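Please keep the sequence and coordinates at hand while reading.

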Amino acid sequence: MADPMRIRAQASGDKTTVRVLMAHEMESGQRKDSSGKLIPAWHITDVTASLNGKQVFSCEWGPAVSKNPFLQFVIKGGKAGDKVSVSWKDNKGDSRTDEATVS
Amino acid sequence: MQARALCLAALGVLAASTPALAQKTSTQAIEEYREMLQDGNPADLYEMKGAELWTKKRGPKGASLEKCDLGKGPGVVKGAFVELPRYFADTGKVQDLESRLLTCMSTLQGIDPKEVIDGKWGKGERANVTALATWIGSESKGMPFNLPQSNAKERVMYEVGKRLFFMRGGSHDFSCASCHGEDGKRIRLQDLPRLSGNPGDGVGFAAWPAYRVSNGQMWSMQHRLNDCYRQQRFPEPGYASDATVALGVYLGVNAKGSKSIVPAIKR
């Protein structure tokens, strides 16, 4: 199973800044191993985020995103105590969801 | 005559300052790059993993590491990192953080140290030790290094480390001091700290374990030393071997008073 994400969400004024660190190999599918064989692509394809259960963010990722990716985005609204949850899915069908409380 | 001498002196200054200026801008650019990376240091992920491993019941004995003595008493983690390597009476040896973790894993959890010593970087139990070292190091963030030298064995290890540091050998006739024995040296765009003295806060010994952005790996001090030897074309030193611990004592004692920034982030 995938390792947990680290999510930090901080409210300031009418905005909430969310910073997410994900643990993922993000293999591009372009690299070869020591015996010259192509290492198959293995990367996150979909990322979504929700604030108190309502989806506020979604994006599609490809092989160009780095290993252990860092993502930062701003949500309109949100106050201390709200729940931010982030999910990802990868091309092998693995997924992970983690939740953080807005501070 | 006097004017000519002055003119020559001025030329000398100019020649010396031009490359220094160019170097400064690239160094500054790297500084900025590091700052940008700082906010999302993936070392945090390893820190989380290490914290979990510390309290998790594992191994044939099904125990956690919470009773592990890192030098400040069983279970005391805060401040332990900045006083290692040190002498441990129970093993009768000077141990660094990673060799001490091997002792704890074997005595408390029943995990065979061979699994780590013969393992591969970033894999299996060796990766677990790196994660544990990352978390334990992070618990002493901002604290100054203060390695004990009260035991005779600790002083012997310092002396051995010093000799290893200056020992030249291998196909390129290199020593640690070839790169780390003078101020102002660099390899490509990486500044090389002078480790025969105190390099200051968050540099050298005070910066590892660190996350390497270029290869996406978390590197412990053992990994750092191992790769230094690889680059010198020396045979690989054994994992947690006395030689690596001795070098750790030498670097750690030299860094006395410098503050730890572990876990750091490197390009």
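In which loop of chain A is the place of A:Asn52? The place of A:Asn52 is in the loop between E3 and E4 of chain A, where helices (H or I, at least four residues) and strands (E, at least two) are DSSP runs, numbered from the N terminus.

## Model and conventions

This is a predicted model, in which local features need pLDDT of at least 70 and side-chain atom pairs count only at pLDDT 80 or more, while totals for chains, interfaces and linings use all residues. Residues are numbered from 1 along each chain as its sequence is written, and chains are lettered from A and ligands numbered from 1 in the order in which they are written.

For chain A the mean pLDDT (the predictor's confidence in each residue, from 0 to 100) is 92, and 99% of its residues reach 70 or more. Among the elements of chain A, the lowest mean pLDDT, 91, belongs to strand E1 (residues 6–12), and the highest, 95, to strand E3 (residues 44–51).

## The four-stranded sheet of chain A

Chain A contains an open sheet of four strands in the order E4-E3-E6-E7, with antiparallel pairing; two strands pair if DSSP finds at least two bridges between them. The edge strands, each of which pairs on one side only, are strand E4 (54–60) and strand E7 (95–101) of chain A. Neighbouring strands of this sheet are turned by 15° against each other on average, direction ignored, where axes are lines fitted to C-alpha atoms, for helices over the stretch in contact, and angles run from 0 to 180 degrees between N-to-C directions.

Seven bridges join strand E6 (residues 83–90) of chain A to E7(A) in the antiparallel sense, and A:Trp88 stands opposite A:Arg96 in E7(A). E3(A) and E4(A) are also antiparallel, paired over six bridges, with A:Ala49 opposite A:Phe57 in E4(A). E4(A) is hardly covered, as the count of buried residues among its seven residues is zero; a residue is buried if 20 or more other C-beta atoms lie within 10 Å of its own, exposed if 12 or fewer, and partly exposed in between, with C-beta atoms placed from the backbone.

## A:Ile44 and its surroundings

A:Ile44 has its place in strand E3 of chain A and is buried, with 25 other C-beta atoms within 10 Å. Not counting residues up to four places away in sequence, A:Ile44 touches A:His24, A:Met26, A:Trp61, A:Val65, A:Trp88 and A:Asp90, a contact being a pair of residues whose C-beta atoms, placed from the backbone, lie within 7 Å. A:Ile44 and A:Glu60 are 16 residues apart in sequence and 8.2 Å apart in space, C-alpha to C-alpha.

## Helices of chain B

The secondary structure of chain B comes to nine helices and seven strands, and buried residues make up 35% of its 267 residues. Helix H9 (residues 242–254) of chain B has 13 residues and reaches 18 Å from its first C-alpha to its last, close to the 18 Å expected at 1.5 Å a residue; the expected span is 1.5 Å times one less than the number of residues. Because 11 of the 13 residues of H9(B) are buried, this helix is largely enclosed by the rest of the structure. The cover of its buried residues includes strand E2 (93–95), helix H3 (97–109), helix H6 (152–166) and helix H8 (221–231) of chain B.

H3(B) also has 13 residues, and reaches 17 Å, close to the expected 18 Å. Its buried residues, among them B:Leu101 and B:Leu102, pack against elements of chain B that include H8 and H9. Just after H3(B), B:Gly110 takes a positive phi of about 75°.

## Backbone exceptions

Most residues other than glycine have a negative phi, and most peptide bonds are trans. B:Ala240, in the loop between H8 and H9 of chain B, has a positive phi of about 60° and is buried, with 22 other C-beta atoms within 10 Å.

The peptide bond from B:Trp208 to B:Pro209 is cis, with omega near 10°, and the bond from B:Val262 to B:Pro263 is cis as well, with omega near 0°.

Terms used:
Contact = placed C-beta atoms within 7 Å.
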